[in-house]
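Student: I would like to go through this model step by step. Could you begin with the terms?

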Amino acid sequence: MGMTTSASLPTGPEGAITGDTVTDRLVEANERYASAFTDPGMDARPVLRVAVVACMDARLDLHAALGLELGDCHTIRNAGGVVTDDVIRSLTISQRKLGTRSIVLIHHTGCGLESLTEDFRNELELEVGQRPSWAVESFRDVDQDVRQSMQRARTSPFLLHTDDVRGFVFDVRTGLLREVDPA
Ligand SMILES: [Zn+2]
């Protein structure tokens, strides 16, 4: 078994979650968290003036992996860490209303999007009778995927600061970041 956390679930003989639902477990963990919490008195502007855009992958602990503390950064996550229109929306608010200047993009090895294709949209359409408006954003070459996201951020007309946009691949086996050359 892997790491355990304060919200870890007890499991039955076949890995089934026993007792409370997962959400109940999270709410209980929050009660413990809040009981030890003291108001840090921060405002909403990230201290390091950086926005991190990363994949939602459960193996990527952004704060630990990057030495980030509470209040340091904005974290924007989705499947793949892809710079979509909605990520541009968040980055625009982050820069124009909350003072961030730098953008860090983090994709990773073993991403679930590598095993998908745009056919996923066809499968969904066949199953539910409606075609999703969004692209799957699947990819085969993780470096190229990072470059595409860097390019989308750098060329967005809505962002104020596009001079410090850097992209990385996080190795889920070693915990190390590798920077991707934007060229
Ligand atoms: Zn991923």
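Tutor: Two strands pair if DSSP finds at least two bridges between them. Helices (H or I, at least four residues) and strands (E, at least two) are DSSP runs, numbered from the N terminus. This is a predicted model: local features need pLDDT of at least 70, side-chain atom pairs count only at pLDDT 80 or more, and totals for chains, interfaces and linings use all residues. Residues are numbered from 1 along each chain as its sequence is written.

Student: Which residue in β2 is the bridge partner of V53?

Tutor: The partner of V53 there is I76. β1 and β2 run parallel and are joined by six bridges.

Student: In what order do the strands of the sheet come?

Tutor: The order is β2-β1-β3-β4-β5, an open sheet of five strands with mixed pairing. β2 and β5 (177-180) are the edge strands, each pairing on one side only. From one strand to the next, the twist averages 25 degrees.

Student: And which strands does α3 touch?

Tutor: α3 packs on the sheet and touches β1, β2 and β3; its direction makes about 175 degrees with that of β2. Likewise, α5 packs on the sheet, touching β3, β4 and β5, and its direction makes about 155 degrees with that of β4. Axes are lines fitted to C-alpha atoms, for helices over the stretch in contact, and angles run from 0 to 180 degrees between N-to-C directions. Two residues are in contact if their C-beta atoms, placed from the backbone, lie within 7 Å.

Student: Changing topic: how many residues has the largest nonpolar core?

Tutor: It has 27 residues, and those with the most contacts inside it are A51, V52, V53, I103, L105 and I106. β1 (50-55), β2 (73-78), α3 (85-98), β3 (102-108), α5 (142-154) and β4 (165-170) each supply at least two of its residues. β1 gives the most, with five residues. Such a core is a set of buried Ala, Val, Leu, Ile, Met, Phe, Trp, Tyr and Cys residues joined through C-beta atoms within 7 Å.

Student: What is I103 in contact with?

Tutor: Leaving aside neighbours within four places in sequence, I103 is in contact with A51, V53, L91, A153, D164 and V165.

Student: Why does α1 lie largely in the open?

Tutor: The number of buried residues among its 14 is zero, so α1 lies largely in the open. A residue is buried if 20 or more other C-beta atoms lie within 10 Å of its own, exposed if 12 or fewer, and partly exposed in between, with C-beta atoms placed from the backbone.
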